[in-house]
Amino acid sequence: ERLARGMGLLAVLELQGEALTRAARPSVISEVRGCQQSFSAMERGLGAFAKYVPGVVVKMMLNGSMSQDITMTWRTISLMFTDIVGFTSLCESISSEVLVNLMGDFFQAMCAEIVGTGGVLDKFIGDCIMA
């Protein structure tokens with residue numbers, strides 16, 4: 001049951017949940033044990049892949065809604081680059097603890113809006129967000 005539930009979570013790229021395969025005791029049945037080991041390897045691999053490719057893109061690949069052929073499609077898109085005016089001066093005038101809290105709040109709010117409106121976060125570059 002734990003293996004089946006874990007496979008269901010993995011299929012929708014829910015990797016932050018309970019570590020089902022690590023928590024489950026190995027089965028004495030070699031076939032099930034082999035499935036558990038393969039599942040664990042797949043979970044680790046998809047988790048690593050999702051760190052470099054936006055989760056929404058990985059989910060599209062997993063559910064088959066994205067073509068795996070290399071094609072080019074013309075689309076109108078929007079790109080967003082943010083930059084905090086006076087960031088260097090700000091860094092020099094406040095403590096590192098205050099800066100970390102300020103930037104954490106800023107990144108959290110901005111990323112929630114980006115993802116909440118269907119955007120894809122690409123990367124952080126210092127105080128810049130690219131989406």
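I began with burial: a residue counts as buried under 20% relative accessible area, as exposed over 50%, and as partly exposed in between, with a 1.4 Å probe and protein chains only. I noted that the model is predicted, that local features need pLDDT of at least 70 and side-chain atom pairs pLDDT 80 or more, while totals for chains, interfaces and linings use all residues. Residues are numbered from 1 along each chain as its sequence is written, and side-chain values use heavy atoms, with hydrogens and water left out.

**Entry: the salt bridge.** I searched the whole structure for salt bridges (a side-chain nitrogen of Lys or Arg within 4 Å of a carboxyl oxygen of Asp or Glu) and found 1. Asp-122 pairs with Lys-123, their closest N and O atoms lying 3.7 Å apart.

**Entry: the chain as a whole.** I counted 6 helices and 2 strands in the protein chain, where helices (H or I, at least four residues) and strands (E, at least two) are DSSP runs numbered from the N terminus. Read from the N terminus, the order is α-α-α-α-α-α-β-β. The chain has 131 residues, of which 20% count as buried. It exposes about 9,900 Å², with 60% supplied by carbon and sulfur atoms, the areas coming from the Shrake-Rupley method with a 1.4 Å probe.

**Entry: H3 and H4.** How do the axes of helix H3 (residues 30–52) and helix H4 (residues 55–63) cross? I found that they come within 8 Å and cross at roughly 135 degrees, on axes fitted to C-alpha atoms over the stretch in contact, with angles from 0 to 180 degrees between N-to-C directions. H3 and H4 are therefore oblique to each other, since angles under 35 degrees count as roughly parallel, over 145 as roughly antiparallel, 65 to 115 as roughly perpendicular and the rest as oblique. Leu-46, Phe-49 and Ala-50 of H3 meet Val-58, Met-61 and Leu-62 of H4, contact meaning heavy atoms within 4.5 Å.
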